[in-house]
Amino acid sequence: MGKEGEELTEQETAIYDRQIRVWGVDAQRRYSKSHIFVSGLKGTVVEFCKNIVLAGVGSLTLNDDRFVAEELLSANFLVPPDENITRGKSLAELCCESLKDFNPMVSVSVEKGDLANFDVEFFQKFDAVVISCCSLLTKKSVNAKCRKLPRRVAFYHVECRDSCGEIFVDLQNYSYSKEAIAVPWRSLPKRMTKLYFAMRVIERFEVLERCNPGDTCADDLPNVLKLRKELCEAQCINESQIPDSLLERLLASEHEFPPVCAIVGGVLVQEVIKAISGKGDPLKNIFFFDATDGKGIIEDISNVNS
C-alpha cells in the first residue's frame with residue numbers, strides 16, 4: 001500500500017520534475033509509493049509496463065510463467081533476441097531484467113504461479129491490478145477477488161486482437177455497471193460500437209472451446225458465425241451489429257501490431273495513473289480502439305440496468 005505520509009526524496013523530485021509540474025507533488029508522491037501487479041506479458045501490457053516504470057511507480061510485480069515463443073515476440077521489445085539469454089527463463093523473468101534498466105529507482109519483481117490460483121489476500125498489497133492473456137473465467141474471478149478486499153484495488157483487463165484493442169476498467173467506488181460484459185445487449189446504448197459485440201462473441205467462443213485468447217484462427221469462423229446467430233437471437237439484436245469481416249479479422253490475427261499496442265498501452269497507463277494519483281476523470285468503463293479508422297471510443301454503460 002502507498003504510504004501517504006512519506007515525502008519524495010531529492011532524487012525523485014529531480015528525476016520526475018516534469019511530471020510534478022503537470023500533476024503536482026502530492027499526486028507524484030502517491031504514485032511513487034504505489035504498487036502494481038501485472039499478469040500476461042503481451043505487447044500492450046509490455047508497453048504499459050515500460051511507461052509505468054519510467055513514470056516512477058513504487059513497485060511493479062510481473063506474472064507470466066510462459067517461456068519465449070516466436071508468436072510472443074512480435075511486439076515484446078523487452079525480450080532480448082539472444083537465445084542464450086532467454087533459454088530456461090520465463091517471460092516475466094526476462095521482462096523484469098529489462099525493466100530494471102529503464103528506471104533503477106523502481107522495484108520490479110516476479111511472482112510465479114497460475115493467476116487463477118492467487119487468493120484474495122494476495123491482491124491486498126496492490127493499488128492496481130492489470131491482467132491480460134487469460135480466460136473469461138479467470139478475468140471475472142480476479143475482478144471479484146479485488147472487489148472483496150477492504151480497500152479499493154483498481155482492476156483493469158486489456159486485450160488486443162489484430163488491429164483492435166479493448167480496456168475494461170473497474171474502480172469499484174465510482175459509478176459502474178456490475179460485470180459490464182454481462183449486461184443484456186438490448187439494454188446497451190443504441191450506438192454501441194460493433195467491437196463490443198464482436199469481442200463478446202469471440203470471448204464466448206473461447207469459453208465454449210476452452211481455449212485462451214489468441215488461440216483461435218480463421219478456420220474457426222464458421223462456428224463463430226453460428227454462435228453469433230445464437231447469441232443475437234437470444235439477445236434480440238440484429239446480426240448486422242457484428243459484421244462477418246470484423247469477426248474474421250479478430251479471429252485470424254497471428255501477431256500483435258506494435259502501433260496498436262503502443263496506443264492502447266498508453267491509454268491504459270494514463271488510466272492507472274489517474275486512479276492512483278487522483279488526478280483527472282477516469283474513463284467509464286470500456287475503451288475500444290480500431291486501427292482501421294484510427295478511432296478510440298469510450299463506452300459508458302454505468303447507468304445501464306442489468
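Helix α4 passes helix α11 in a right-handed crossing.

**Helix α4 against helix α11**

Helix α4 covers residues 43-54 and helix α11 covers residues 258-277. Their axes lie 8 Å apart, and the packing angle is about 50 degrees. An angle of about 50 degrees makes α4 oblique to α11. On the α4 side, the contact is made by Gly43, Thr44, Glu47, Phe48, Asn51 and Ile52. On the α11 side, the residues are Cys261, Ala262, Val264, Gly265, Gly266, Leu268, Val269, Val272 and Ile273. Sorted by class, this contact of α4 with α11 contains 9 nonpolar, 5 polar and 1 charged residues.

**Helices α8, α9 and α10**

Helix α9 (residues 221-235) has a crossing with α8 (residues 194-209) and another with α10 (residues 244-252). For α8 and α9, the axes come within 10 Å and the crossing angle is roughly 110 degrees; the two helices are therefore roughly perpendicular to each other. This crossing of α8 and α9 is right-handed. Val201, Arg204, Phe205 and Leu208 of α8 make the contact with Asn223, Val224, Leu227, Arg228 and Leu231 of α9. These residues divide into 6 nonpolar, 1 polar and 2 charged.

The axes of α9 and α10 also come within 10 Å, here at roughly 130 degrees, and α9 and α10 are therefore oblique to each other. Helix α9 passes α10 in a right-handed crossing. From α9, the contact uses Leu221, Val224, Leu225 and Arg228, and from α10 it uses Asp244, Leu247, Glu248 and Leu251. By class there are 5 nonpolar, no polar and 3 charged residues in the contact of α9 with α10. Val224 and Arg228 of α9 are listed in the contact with α8 and in the contact with α10.

| Helix pair | Axis separation | Angle |
|---|---|---|
| α4 and α11 | 8 Å | about 50 degrees |
| α8 and α9 | within 10 Å | roughly 110 degrees |
| α9 and α10 | within 10 Å | roughly 130 degrees |

**Salt bridges**

The structure holds 16 salt bridges. One of them pairs Asp127 with Arg151, with 3.3 Å between the closest N and O atoms. This pair links distant parts of the chain, 24 residues apart. Asp127 sits in the loop between β3 (107-110) and β4 (128-131), while Arg151 sits in the loop between α7 (136-148) and β5 (154-161). Side chains of opposite charge can pair when their charged atoms come close.

**Confidence**

The protein chain has a mean pLDDT of 84, and 91% of its residues reach 70 or more. Residues 1-5 have pLDDT below 50, and this stretch has 15 contacts in the model beyond near neighbours in sequence. Where pLDDT is low, the predicted coordinates should not be read in detail.

Definitions and conventions: Residues are numbered from 1 along each chain as its sequence is written. This is a predicted model: local features need pLDDT of at least 70, side-chain atom pairs count only at pLDDT 80 or more; totals for chains, interfaces and linings use all residues. Side-chain values use heavy atoms; hydrogens and water are left out. pLDDT is the predictor's confidence in each residue, from 0 to 100. Contact means heavy atoms within 4.5 Å. Axes are lines fitted to C-alpha atoms, for helices over the stretch in contact, and angles run from 0 to 180 degrees between N-to-C directions. Helices (H or I, at least four residues) and strands (E, at least two) are DSSP runs, numbered from the N terminus. Angles under 35 degrees count as roughly parallel, over 145 as roughly antiparallel, 65 to 115 as roughly perpendicular and the rest as oblique. A crossing is left-handed if the near helix is turned anticlockwise from the far one by less than a right angle, and right-handed if clockwise. Ala, Val, Leu, Ile, Met, Phe, Trp, Tyr, Cys and Pro count as nonpolar, Asp, Glu, Lys and Arg as charged, and the others, Gly among them, as polar. A salt bridge is a side-chain nitrogen of Lys or Arg within 4 Å of a carboxyl oxygen of Asp or Glu.
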